[in-house]
Amino acid sequence: MVVLLDELYKVNVSDHRSETGVGPERGGEQEGERERGEQPPRLHKPHTPTVVLFLLPSPQKQISAVICFMASSSKMKRAVEDEDREEQFERFDDFTLASSWERFISEIEAVCRQWLADGAKNLLEKGAVCVGSSKSLYTVKFELKYAAKSYFMEYYFETNNDGKVVDWSCSLHDLQLSFGVKEFLVIAPQSASGVVLDAPEASKLLSAVAIALSNCSSLWPAFVPVHDPSRKAYIGIQNMGTVFTRRFEADRIGSQVPVKLMHLEGLHELFLSKFVFSPLDFSMHLFKVHFRMKLTYRTIPYDDDDELQGADVEITESGENPGGDIRNKTQWDDDCPWSEWYSSEDPVKGFDLITIWSEKLVESSLEMAELENASAHEAEKWFILPNVSSKFIDGSVGNTIGFGSQLDLLVTALELSFGAQFMEDFVSVENSGSDNLKSSAVIPPPTVLDRVLKDLFHDGLQLLHFTEGEHKNSRAIKGAPLESLFSQFCLHSLWFGNCNIRAIAVLWIEFVREVRWCWEESQPLPRMPTNGVIDLSTCLVNQKLHMLAICIEKKRQLSKYQDGDENKDRVSAQVEEGGQVKGSSSATIEHGNDIVGERERSSVSDGLHHPETSVSSFHSEAEDVVTSAELRPSDRVRRGSAGVEGMMLLKSYQNMHVPLTQDPPLMTEDMHEERLRAVETFGDSISFSAQLEREILSSDMSAFKAANPDAVFEDFIRWHSPRDWEDNNFGESGEVSTNEATEGSKKDWPPRGQLSERMSEHGNKWRKIWNDVPALPASEQKPLLDPNREGEKVLHYLETLRPHQLLEQMVCTAFRASADTLNQTSFGGLKQMTTKMGQLYPTMASTLKPLQANRVFILSEIIEDLRRLCVVFEHVEKLLTVAASLHRKFLQVPRLSEVIFSDYYNFYQPRMGSGSVGGSGDMEFDKRHQVRRQEREAVANMFTQPTANQSWRKVLSMGNLLNGHEPVLREIIFAVRDRMRGSYYAASTPRAFQKEIETYRMYICGTSNDLRVALSVASCD
């Protein structure tokens, strides 16, 4: 054909040259001009054209057709004159230049060659992007233009390209799973839909890529997305390097699926229909088909609709955030410690159970029917995947309700607190600040205020253990114990009126009024201890409330004593010292011969006070030693005794009695600071401190004298400061003998020993005080602590406390109390969570230190630090919520909760930096974990029988049920394999090089309402 057209071309050209006067020489010049890139002259328009068709080969090996118009010789001269006059030329088309489609192919080929040359390593260095959650699949993109349209071509490749395709890997791309390919190309238009809607255009794109890949000798499969995007339809082609070519096609049914295709038997026949000519052959012949299946089950999600309605009602009526007071049904976190304050969304919405069936060789549809009735326990592998709420994945803050979000609001209130002198200024209409503050700072109604005060003052009267639930590092934060009154006030403030400054002011004013009422009515202050030493490691407000609770208790005891029976209170027992009682032997000694009156016992309710640990020794110049007068035992009256000590008196054959003593005067932190300022003012710290200690020592000596009338100074030293009494038996060794060792029985009387050097020196002040003090029991002494005066001082402090001073202490206490509340959460043996909670307390202590030190700080800097601390706190709170949820769901299989949380922790930890939205926040937590054989029963029990309302469909339409649950997703792979040989480059291939390939492969994915089918066919072209 080509030869004939060439001959026809030569004949017509020679005729044309003879008529126009253009000889062979001229033709040679034209050929030279063409080679030099010059345009050839135009032929003159003929009057009567003769059509000649001829073909020319191009450099791209394409065939082009040319139509030439030849003019008759009789009209040529006149035509030449006309054309010369008008200087108009008709040009030939130069078919040595490539067409636009050929240039498009060439561009694709150049890009593919570059990608092939670079390899995976260089492509990663050039900016290849990781695809989804996969850590090994990357893609590069290149933009192309053809026929005024823009396209992009993407190359997907894996870094660990070993040539093997894992069928059910969760990191596979959709095309990898559908067609069983490893690396591939996708070419698609740059449009909103991203698909090719025109069938010819799609075929042309696929042909262009196929030609380019063939020129590159590349075996990459290429795909073009077609049809509507919701159908996820593709067409594709792959050169297999042999005489075989593989073609791909995928489509989806998004409406009601035919009943036949809901069952494995119908799907099996669908696959057979692709290579069996007649449906009659299905039952008459056996076809060896390789079958693999993956079923995904999903637990019923927790229904939050009722809880959300309850939360809305709570916000509307109370002005508080949902805290759990109103619930229509049981919440998942009812037994969690934070449930008293708020109800958290369950972060683990449910689980996906993936069952994988190993490959089977199926020969008939009846076998498929049997597989459909098989139990899920017969699957080869089980994997479980938690469905974690998006709020606990993206790493953003402020999207959940919890302590962290409320603490951030409290920090805002602290920032505003510096704008007023008194808390009443925020409540007053005239001085409440800007209109914006008035509108945003809503004060809850009185009913909510009454409920909070009732919870603080009337429901908290029980005796509490402040150390329970506290972390070992909790005391590093200068706040208040979790169960204390001020700590509970701070926690209520977080949820009262959404923690705005006006609501806090209202609550504080009413709080102080209730505290004053307890003082004036002598009612016990709830949630506060009435004894003990004030803990200076807590905040000042807590110290003041502790002081007030002790003052109220002493005030109540004093009132009870004054209103009691005077005769009964003054009852005392006289004891015969050193002699025998009537009717008793002279050698008999009474050990319980003292009767302590009601006045003495009721006046000191705090138990025994041993002054050895609280009284310092005096060192001064020597003075004269004065001994006590010898009195007869019958003249002595024992008062204020708390019991027998076990030692004997030195000068009297009597037991030593322990006196009831006064507690040392309590001092809060500001009282200590006031004392230090006074010391600096007077300049004599020793004398100032000694005055207070002298009062305590005098009180102890007076009480000891009243309890032991026959005692001498040495007896007091033996009881009060045993180290200052040197026993003769152990004096050389330097050891201090115990009471039992020294005086194990009365046969050892009198005790042998002497005072220490510092107590026996001349002019000792302890001996001088002993000689001066009278014998008075503690109940008759002047109180070391005046409860009325100290109580009024505490109330004055609370009523005049500056707003910023109150808010600073509230912030410290709220952080500590919130962390201690979360620390009580039970989350099993999750080591990462234990470590994270341990790290939280030092972080809080270092950040809150400027507020605890009562020093001047830059407000903007500390506020910024506190907000960062709130972000850290919210992240830890989210981790703890996930840990608690997993622990409750896997009580029977704790190993699964540990491995799931470990992976979640590693997934979430990089998102804990800034707490901003974006970055990797859109990535999903899709790590699945294998379930062991012995754990399957416990996991299966999580799939409880669905009720009629919970079931997705009234009639189950698919098999392989698990406790009444049908799979939410069924994935099947059918394949027919055959051996092939031969290639493009050799006529035959030895049998040793024969290779088994999948001639037919069908991937089916979907349920009864959705079905997606992907087919790949290898054929010999």
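Buried means under 20% relative accessible area. The structure treated in these exercises is a predicted model.

**Exercise 1.** Classify Phe716 and Phe704 as buried or exposed, and describe how their rings are arranged.

Solution. 
1. Phenylalanine 716 has 0% relative accessibility, so it counts as buried.
2. Phenylalanine 704 also counts as buried, at 0% relative accessibility.
3. A search of the whole structure gives 37 aromatic pairs. For phenylalanine 704 and phenylalanine 716, the ring centres are 5.5 Å apart and the planes stand at 75°. Planes over 60 degrees apart count as edge-to-face, so this pair is edge-to-face.
4. Phenylalanine 704 belongs to helix H21 (residues 685–707) and phenylalanine 716 to helix H22 (residues 713–720), so the pair ties together parts twelve residues apart in sequence.
5. Elsewhere, ring pairs join Phe271, Phe275, Phe287, Phe291, Phe974 and Tyr1000 into a cluster.

**Exercise 2.** Determine which residues have the most contacts inside the largest nonpolar core, and list what Phe486 touches.

Solution. 
1. The largest nonpolar core has 150 residues, and Phe486 and Trp508 have the most contacts inside it.
2. Helix H29 (residues 859–889) gives the most to this core, namely 13 residues.
3. Leaving out residues up to four places away in sequence, phenylalanine 486 touches Ala480, Trp508, Cys539, Val541, Leu545, Leu806, Gln809, Met810 and Thr813.
4. A second, separate core has 32 residues, including Phe104, Val140, Leu205 and Ala233.

**Exercise 3.** Describe the lining of the largest pocket by position, element and residue class.

Solution. 
1. The volume of the largest pocket is about 1,300 Å³.
2. It is lined by 45 residues, of which Cys170, Leu172, Glu924, Asp926 and Leu969 are the closest to its centre.
3. Elements that each supply at least two lining residues include helix H5 (174–179), strand S11 (348–362) and strand S18 (969–980). Strand S12 (381–388) is another of them, and S12 gives the most, with four residues.
4. By class, the lining holds 18 nonpolar, twelve polar and 15 charged residues.

**Exercise 4.** Carry out the corresponding analysis for the second largest cavity.

Solution. 
1. There are three cavities of 30 Å³ or more in the structure.

Conventions
Residues are numbered from 1 along each chain as its sequence is written. This is a predicted model: local features need pLDDT of at least 70, side-chain atom pairs count only at pLDDT 80 or more; totals for chains, interfaces and linings use all residues. Side-chain values use heavy atoms; hydrogens and water are left out. On a 1 Å grid over the protein atoms alone, a cavity is a set of points where a 1.4 Å probe fits but cannot get out, and a pocket is an open set with protein on both sides within 12 Å along at least five of seven lines; lining residues have an atom within 4 Å of a point. Grid points are joined across faces, edges and corners, and a volume is the space filled by probe spheres set on the points. Ala, Val, Leu, Ile, Met, Phe, Trp, Tyr, Cys and Pro count as nonpolar, Asp, Glu, Lys and Arg as charged, and the others, Gly among them, as polar. A nonpolar core is a set of buried Ala, Val, Leu, Ile, Met, Phe, Trp, Tyr and Cys residues joined through side-chain atoms within 4.5 Å. Buried means under 20% relative accessible area, exposed over 50%, partly exposed in between (1.4 Å probe, protein chains only). Contact means heavy atoms within 4.5 Å. Rings of Phe, Tyr and Trp (its six-membered ring) pair if their centres lie within 6.5 Å; planes under 30 degrees apart count as stacked, over 60 as edge-to-face and the rest as tilted.
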